[in-house]
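Q: I'd like to learn how to read a sheet. Could you walk me through this one?

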Amino acid sequence: MANEEPKTVPQQITMKGGDGPLSYAKNSSLQKGVVDATKGMIIHAIANNLDMDKFCSQSSSQTFRIADFGCSIGPNTIFSMQNIIQALEQKHHENNHGNSPTILEFQLFFNDHSTNDFNTLFKSIPPSWPYFVAGVPGSFYRRLFPKSSIHIGHSSNALQWLSKVPQEVVDCKSPAYNDGSIYCRGIEKEVTKAYIAQFEKDMESFLNGRGEELVNGGLMVILMGGVPNGIPLSHTAIGKFYDLFGSCLLDLTNKGLVNEEKVKSFNLPLYFPSAKEVKVLIERNGRFSIESMNEITEQLKRGQPLPSAQNCISHVRAGFEGLIKDHFGTEIVDEFFACYAKKHLQSGFVFGDNGVDNTLMFMILKRI
């Protein structure tokens, strides 16, 4: 019987759950640095771009609804929500010169795949939080809320994750077959085209969904990883990391621990766009105006020290264990990450020192 071509299906990518030493909850300080670095930018954006008086006059309850798309396990999503609430309360206070008789209420929605560890997330919410909270399971590449029900949307470090690996890159008969690599390096033309097509389709779905859900004048705050214009991912620090990551699979194949065909069918469902690419897609969609778009690499460099090697290794496992387990099975997980840890330490790999800096895009979109 002929071998069947590998099929790619929508993936529910989630971080490692629980609150143990290898969990995402305990290994997301790098992402926390992003939250801290952008707090002032969020306060400034809400102060300058959100018409709170308009929304308050439309709603007798004066409830603001905020959704975090791709919230993961915490605690960073909680910090992000708190920063947005602080910005809203500050603007409300300033608009009313501190004399408003109205106390704003906030309804917070935490969205991620149904496989996300919502239990750990909700355990980390402060008991004294005076807000109404709910989990919303499901892919953010579809509608999740009623029409015109959300005032502010937020998404951090999530939109570079695709809904699925492009079918062509795991089909050995396709000109876009990604032979010898586990990610979109940005060099092979047909592979890159396949990844771009999937990214464009996913972004269109995301913008269409949020365009229905956000009220007119509502804001969408987006932080996402990217590359400098004209620089392929393979020339960046993250690209160098993926090369190191992928070499571990080859090592395990050579040891007979992993089937070679399984390795050939493994690609990361990730695409890192340039700011130029994202701007074109938002403008083409037409549902949002771009109030601001900044690349904040330098701010992040100034704001936090480089992580230790062991810290990096723990972060990598918290973020990628699920992908390895789903594709290759539970039995190789420990062996794989032991191999990665050894290579990481031997190579002296340091994010920020190996290759060109990746960018982090900070965008404020307004529903029009």
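A: Seven strands build an open sheet with mixed pairing, in the order E3-E2-E1-E4-E5-E7-E6. Strands, like helices, are DSSP runs numbered from the N terminus (at least two residues for E, at least four for H or I), and two strands pair if DSSP finds at least two bridges between them. The model is predicted, so local features need pLDDT of at least 70 and side-chain atom pairs pLDDT 80 or more, while totals for chains, interfaces and linings use all residues. Residues are numbered from 1 along each chain as its sequence is written, and side-chain values use heavy atoms, without hydrogens and water.

Q: Which strands stand at the edges?
A: Strand E3 (132–137) and strand E6 (288–295) do; each has a single partner strand, so one side of each lacks a neighbour in the sheet.

Q: Which strands are joined to E5, and how do they run?
A: Strand E4 (residues 150–156) runs parallel to E5, with six bridges. Strand E7 (residues 359–367) is antiparallel to E5, with eight bridges. Leu223 in E5 stands opposite Ser156, and the bridge partner of Leu223 in E7 is Phe362.

Q: Why is E5 described as largely enclosed?
A: Buried means under 20% relative accessible area, exposed over 50%, and partly exposed in between (1.4 Å probe, protein chains only). Twelve of the 13 residues of strand E5 (residues 214–226) are buried, so the rest of the structure largely encloses this strand.

Q: And what joins E1 to E4?
A: Three bridges join strand E1 (residues 63–69) to E4, and the two run parallel. There, Asp68 has His154 in E4 as its bridge partner.
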